[in-house]
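Trainee: I would like to learn how to read a model strand by strand. Can we work through one together?

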Amino acid sequence: LAIAYPSDGERVNSNSITVFGTAADAGRGDSGIASVTVNDLPAAGPPVSGAETAGWSRQITLSEGENMIRVVATDGSAAGNATAQQITVTYTVPDVTGPAVSIASPLDGATVTLDRIMIVGSASDAGRGDSGIASVTVNGQPAPGGLDDGGGTANWNLEVALSRAGANPINVTATDGAGNATTISLTINYP
């Protein structure tokens, strides 16, 4: 009995995997393979007779964290001799949620009298994948302080030049360590 996939200790980011491998009774009685089960569920492939090798597979659903996978091959003899192998696979839920980002100052719609203004805020991936903050940009420019590991908070700020009289859009994008991005916007009025 051999498990080809997954390997023992493997980490996967999908909760549905196909476990597959081979089983043979060659040199052990040559009575063939009557059945293979994966976690007590029948696998596709067997039966085979004599010394033939049976290719088998079974799709299973994993729970978050460590999952034990037990494969049992039973030969075709009257005794129904069985051989088992057990492996452990860890399923990690992929981070597909963008980080939380907020602008503390200035307020949306504020009117300012200077053509340069400090944009201040924070970003966090806490409870949203906890993959950290890889970057924060303000109108495409990297904001200092826009980095953090795990579930902490990145406190960022950047001085921006207002490009015209009237409404000036400010776009802030925070990107987490998994590449998920969240963009928020505000408008600053410059007379």
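Trainee: How many residues lie between β14 and β15 in their hairpin, and which glycine in the turn has a positive phi?

Mentor: Bear in mind that this is a predicted model. The hairpin of β14 and β15 has four residues between its strands, and glycine 179 in the turn has a positive phi of about 90°.

Trainee: In which sense do β14 and β15 run, and how many bridges join them?

Mentor: Strand β14 covers residues 166-176 and strand β15 covers residues 181-190; they run antiparallel and are joined by ten bridges. As a specific pair, take asparagine 168, whose bridge partner in β15 is isoleucine 188.

Trainee: How should I read a sheet as a whole? What is the strand order in the open sheet of five strands?

Mentor: The order is β2-β8-β7-β4-β5, and the pairing is mixed. At the edges are β2 (11-12) and β5 (41-42), each of which pairs on one side only. Inside the order, β7 and strand β8 (residues 82-91) run antiparallel with ten bridges between them. Isoleucine 69 stands opposite isoleucine 87 of β8.

Trainee: Now a loop residue. Where is aspartate 125 found, and which backbone nitrogen does its side chain reach?

Mentor: Aspartate 125 is in the loop between β10 (116-124) and β11 (133-138). Its side chain reaches the backbone nitrogen of serine 131 at 2.7 Å. With a relative accessibility of 0%, aspartate 125 counts as buried. Beyond neighbours within four places in sequence, the contacts of aspartate 125 include Asp95, Thr97, Asp130, Gly150 and Asp176.

Trainee: Back to sheets. What is the order of the open sheet of three strands, and how is it paired?

Mentor: That sheet has the order β1-β3-β6 with antiparallel pairing. Its edge strands, β1 (2-5) and β6 (53-61), each pair on one side only. Neighbouring strands in this sheet are turned by 30° against each other on average, direction ignored. Between β1 and strand β3 (residues 16-24) there are three bridges in the antiparallel sense. Isoleucine 3 has glycine 21 in β3 as its bridge partner.

Trainee: How many aromatic pairs does a search of the whole structure find?

Mentor: The search finds one. Ring centres and plane angles are what to check. For tyrosine 5 and phenylalanine 20 the centres are 5.9 Å apart and the planes are at 20°, so the pair is stacked. Because tyrosine 5 lies in strand β1 and phenylalanine 20 in strand β3, the pair ties together parts that are 15 residues apart in sequence.

Trainee: What relative accessible area does each of the two residues have?

Mentor: Tyrosine 5 has 27% and is partly exposed. Phenylalanine 20 has 38% and is also partly exposed.

Technical notes:
Residues numbered from 1 in each chain as written. Predicted model: local features only at pLDDT ≥ 70, side-chain atom pairs only at ≥ 80, totals over all residues. Heavy atoms only, no water. Helix = DSSP H or I, 4+ residues; strand = E, 2+ residues; numbered from the N terminus. Buried < 20%, exposed > 50% of the residue type's maximum accessible area, 1.4 Å probe, protein only. Polar contact = N/O pair within 3.5 Å; in protein donor to acceptor, adjacent residues only side chain to side chain. Contact = heavy atoms within 4.5 Å. Pairing = 2+ DSSP bridges. Axes fitted to C-alpha atoms, helices over the stretch in contact; angles between N-to-C directions. Phe/Tyr/Trp six-rings, centres within 6.5 Å; stacked < 30°, edge-to-face > 60°.
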